[in-house]
Amino acid sequence: MDKRTGFSLIQPAGTDIVYRRLPENVMHDLGLEAFCQALSNDEKERRLITNVLSQMTDDASVAEYRCEIFVDILRLPELRKNMTLLFDKIQFMKDFFTMNKTSDEEIGLWHLFHRLEELDDYIKTVETMRECLSDDRIQSEGLIKLREYISELYEEACFAEMKKDIAALKIKASDVQSVTLGVNVNERFEAISIGLVSVNKKPFKKSNIVSNFADAIATKDKLRETADWDGDMHYQLVDKEEKRGFVDYMTNEANLFAAMSTVVNATGDPGTTNSTFYLDSVLNKMLGSLVKKLRDTLTKYANVAIVNVSSLVPEFIYYIRCAEFISGLMEKGCSFCEAQPETDGEKSMIAEGFYNLKLAMNMEDVRGIISNNLSFDQKHTVYILTGANRGGKTTITQAVGQLFVLAQGGLFVPAKSFSYVPCDCIYTHFPADEDKTMDLGRLGEECIRFKEMFSESTDRSLLLLNETFSTTSFEEGYYIAKDSVKALLTKSVRTIYNTHMHKLGEEAPELSREGSGAGAASLIMRTEDGKRSFKVALAQPEGSSYAKDIAEKYGVTYDMLVSGENN
């Protein structure tokens with residue numbers, strides 16, 4: 001939630017949610033790094049998406065709130081398109097505001113004039129955002145609240161008044177042909193103050209500066225009663241040498257004639273070199289109060305509008321990028337569904353027709369996707385998954401983790417249906433890189449990692465083990481694995497333990513009896529006629545039968561070898 005606005009599209013308002021961040025290896029182990037990479041070419045957007053997905057909470061209201069917003073954004077492609085166009089403009093204005101939040105002298109009057117038109121565009125952008133969110137088809141609490149928030153912001157910030165201010169202040173630089181400055185003098189004809197009289201569309205008429213000056217003060221009749229301009233004032237441009245001498249002679253401290261001899265857009269006159277620079281310098285120094293007033297006006301609007309609205313852009317981008325990508329996969333033929341979060345229940349997960357998202361992303365023909373069904377409940381808290389090499393054990397282990405991460409991020413999940421009790425965190429124990437096991441050895445590193453995960457896990461967590469404790473002899477690995485499963489059952493931690501230790505799967509009923517109510521179950525990657533089916537089933541490990549099928553297929557059973565049937 002943004003602390004400045006008190007509003008968020010990621011978390012429902014008025015809630016005090018506790019989040020736990022996924023360990024840094026989890027997104028990689030689950031194959032979700034590839035998903036985040038595919039969503040956007042912008043590194044900042046990818047980091048944002050990864051950060052949202054990595055913040056876990058078991059509060060079902062958060063997942064429900066996010067999912068409602070995602071549903072709206074997914075089914076309203078025109079909303080996604082219009083909002084994306086608006087965000088580009090908002091980001092430009094935010095960058096401008098941040099870049100130009102400087103002191104009075106550093107912000108020139110002409111610089112502000114140039115930017116007024118962009119600020120006017122920003123007002124229109126906020127109005128357009130309000131119009132986009134007024135779509136009657138929007139049903140989610142989050143987007144309805146956002147619509148109300150934008151409307152309140154518009155009214156409280158007096159955007160209507162702001163439009164009038166901008167219209168009054170907005171002057172195109174190309175229209176400015178001259179500036180009239182008024183100078184107050186004392187009895188010794190010393191300049192004591194200077195102020196801006198007007199900004200004009202027409203240049204002054206040329207005249208002889210000496211005669212014009214003499215005429216202005218020589219006769220009483222020519223001495224003006226007021227400082228109002230009658231529209232017939234003249235000036236004489238002074239070149240660099242004349243200006244320097246004249247100013248030295250006629251002024252004491254004030255750069256009176258330096259200001260009077262400066263004009264904008266007098267193109268073609270050799271005496272106007274760097275005239276814009278001189279005018280900007282004079283106005284910055286002599287008209288500081290006016291510049292400050294304009295700057296304060298823009299800052300007020302930028303603080304209220306640009307900062308507040310732009311803070312919501314990244315959250316909106318999260319949903320838009322995910323919706324665009326998942327929509328593309330659905331058009332390709334992939335099955336996705338809206339996840340159903342539950343606060344509690346007899347079954348803490350029911351997944352039907354689910355599959356590995358990373359695998360589907362890499363398939364040209366998604367009709368070849370093989371889906372599976374699986375559920376967690378009291379009797380099936382820890383699954384001991386066995387099967388042949390390259391039979392899909394790791395793939396399905398990843399897929400279960402993907403379901404929870406995507407669902408709790410509010411996104412559609414790769415399945416036909418998915419209901420679940422959200423987890424407070426996901427822990428993965430996949431084989432470590434060689435350089436991480438140099439000091440402790442592989443088994444030592446595995447034991448330390450498992451102990452840390454077990455200590456942090458709760459009965460609301462999800463633990464995914466991939467060939468854990470398989471880097472030592474079978475006897476040693478089995479001893480450690482058996483005790484680990486028994487410990488997980490005492491905590492009722494939802495677990496999938498994919499392993500080659502078929503004996504561990506065979507003893508699942510015994511492990512359940514030794515537990516405290518939670519049950520372990522043997523889950524296998526089924527084979528059909530010696531071929532991998534990539535389908536899971538609740539059954540005793542079929543390691544020996546699978547090996548027998550393979551042996552018979554290739555003629556290497558004892559009977560076949562000695563009888564010569566394979567010749």
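At roughly what angle do the axes of helix α2 and helix α14 cross, and within what distance do they come?

## Basis of the description

This is a predicted model, in which local features need pLDDT of at least 70 and side-chain atom pairs count only at pLDDT 80 or more, while totals for chains, interfaces and linings use all residues. Residues are numbered from 1 along each chain as its sequence is written, and side-chain values use heavy atoms, with hydrogens and water left out.

## The chain as a whole

The chain holds 22 helices and 16 strands, where helices (H or I, at least four residues) and strands (E, at least two) are DSSP runs numbered from the N terminus. Of its 567 residues, 47% are buried, a term that stands for under 20% relative accessible area, with exposed meaning over 50% and partly exposed the range in between (1.4 Å probe, protein chains only).

The chain exposes about 29200 Å², and carbon and sulfur atoms supply 50% of that area; accessible areas come from the Shrake-Rupley method with a 1.4 Å probe, and for residues only the protein chains shown count as cover. Among contacts (heavy atoms within 4.5 Å) between residues at least 6 apart in sequence, 74% join residues at least 24 apart.

## Helices α2 and α14

The axes of helix α2 (residues 32-39) and helix α14 (residues 313-332) come within 9 Å and cross at roughly 100°, which makes α2 roughly perpendicular to α14. Axes here are lines fitted to C-alpha atoms, for helices over the stretch in contact, and angles run from 0 to 180 degrees between N-to-C directions; those under 35 degrees count as roughly parallel, those over 145 as roughly antiparallel, those from 65 to 115 as roughly perpendicular, and the rest as oblique.

On the α2 side the contact is made by F35, A38 and L39, and on the α14 side by R321, C322 and F325. By class, this contact of α2 with α14 has 5 nonpolar, no polar and 1 charged residues, given that Ala, Val, Leu, Ile, Met, Phe, Trp, Tyr, Cys and Pro count as nonpolar, Asp, Glu, Lys and Arg as charged, and the others, Gly among them, as polar.

## The six-stranded sheet

An open sheet of 6 strands runs in the order β12-β13-β14-β10-β15-β16, with mixed pairing; two strands are taken to pair if DSSP finds at least two bridges between them. Strands β12 (426-429) and β16 (531-538) stand at the edges, each with a single partner strand, so one side of each is left without a neighbour in the sheet. From one strand to the next the twist averages 15°. Helix α17 (residues 442-456) lies across β12 and β13 (462-466), and runs at about 165° to β12.

Within the sheet, 5 of the 5 residues of strand β10 (residues 382-386) are buried, so β10 is largely enclosed by the rest of the structure. V382, I384 and T386 point one way from β10, whereas Y383 and L385 point the other way, and all are buried. Strand β10 runs parallel to strand β14 (residues 494-498), to which 4 bridges join it, and I384 stands opposite Y497 in β14. Strand β10 also pairs with β15 in the parallel sense, over 5 bridges, with T386 opposite I524 in β15. The pairing of β15 (residues 520-528) with β16, in contrast, is antiparallel and extends over 6 bridges, and L523 stands opposite L538 in β16.

## Individual residues

A520 has its place in strand β15 and counts as buried at 9% relative accessibility. The C-alpha atoms of A520 and Y383 are separated by 5.8 Å, although these residues are 137 apart along the chain. When neighbours within four places in sequence are left aside, A520 is in contact with K379, V382, L489, A508 and S512. In strand β4 (residues 191-200) is N200, which is buried, with a relative accessible area of 9%; N200 and Q177, 23 residues apart in sequence, are 5.9 Å apart in space, C-alpha to C-alpha.

Positive phi values occur at two residues that are not glycines, E467 at about 55° and F534 at about 60°.
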